[in-house]
Every structure is written in structure tokens, then in C-alpha cells.
Amino acid sequence: MVHDNILLTKSLYFAARIVKLHKYLTKEKHESVISKQILRSGTSIGANANEAVYGISKADFVSKLHISLKETAETEYWLRLLILSEYLSETEGKSLINDCLEIKKILISTLNTTKQSR
């Protein structure tokens, strides 16, 4: 879809799931604090990865991917908190966490490959 780049495609679809989660949390669960945090971090993953593709240098590329990686860690945290605080069921949360971890693995692999090619 997005330039046949698996990272960009997966992070875009993940961001769409996060937007739907935000909508669900605010409308159905009347939760606004965590939902805003996860909306920011969950959509930032793909935004920074997309920006990395258009970086002006390899260092810029790596920097943006590191930001994406940090955002996956933050998003994973919020997802786990939503499960523990019972805003999400274990099943709902695990599906999102699995997607987040998959993106995290792609980011780590991409960063490692990029750093090795210096």
C-alpha cells in the first residue's frame, strides 16, 4: 500500500486501529486522559516512520526511526495500562499489543540493518 513499505503500511493500519480505540474509549467508556495519550503515541509511530523515509540524511533517518521506536514503547505501556485498569479486555488489548510489538520488531531490525551499513 504505502510504497510497498511494510513498516509504513503496518504503522498506518495500526494508527487507524488506535484512532478507533480512542473513539471507543471516549464514547463508550467515557475515558479521556489515557485515550488522548495513546492517540498521540500510537499515531506518532507511523508519522515518524513516514518522515524518516524522507529524511535528509542517514542520521536523520535513524533519528526519526528511534522516535518511532520510543513511541511504540509508550503505546505498549498505555495498552497494558488499559488492560490492567479494565478499560480493555485481555483479548482486545493483546491484539493491539501484538500489532505494536510487530512494528517494534520491524523498527529494531531496520535500525540494526541501517547502523550496520554505515
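Here is what I looked up, going from the whole chain down to one residue.

Ground rules: this is a predicted model, where local features need pLDDT of at least 70, side-chain atom pairs count only at pLDDT 80 or more, and totals for chains, interfaces and linings use all residues. Numbering starts from 1 along each chain as its sequence is written, and side-chain values use heavy atoms, with hydrogens and water left out.

Whole chain. The C-alpha trace spans about 45 × 25 × 20 Å along its principal axes. I also checked burial (buried is under 20% relative accessible area, 1.4 Å probe, protein chains only): 39% of the 118 residues are buried.

Helix pair. I took H1 (residues 6–27) against H3: their axes come within 13 Å and cross at roughly 35 degrees. The axes are lines fitted to C-alpha atoms over the stretch in contact, with angles from 0 to 180 degrees between N-to-C directions. Leu7, Phe14, Ile18, Leu21 and Leu25 in H1 meet Leu65, Thr75, Leu79 and Leu82 in H3, contact being heavy atoms within 4.5 Å.

Lysine. Lys64 sits in helix H3 (residues 58–84). Is Lys64 buried or exposed? I call Lys64 buried because its relative accessible area is 17%. Leaving aside neighbours within four places in sequence, Lys64 is in contact with Asn48, Glu51 and Ala52.

Definitions and conventions. Helices (H or I, at least four residues) and strands (E, at least two) are DSSP runs, numbered from the N terminus. Buried means under 20% relative accessible area, exposed over 50%, partly exposed in between (1.4 Å probe, protein chains only).
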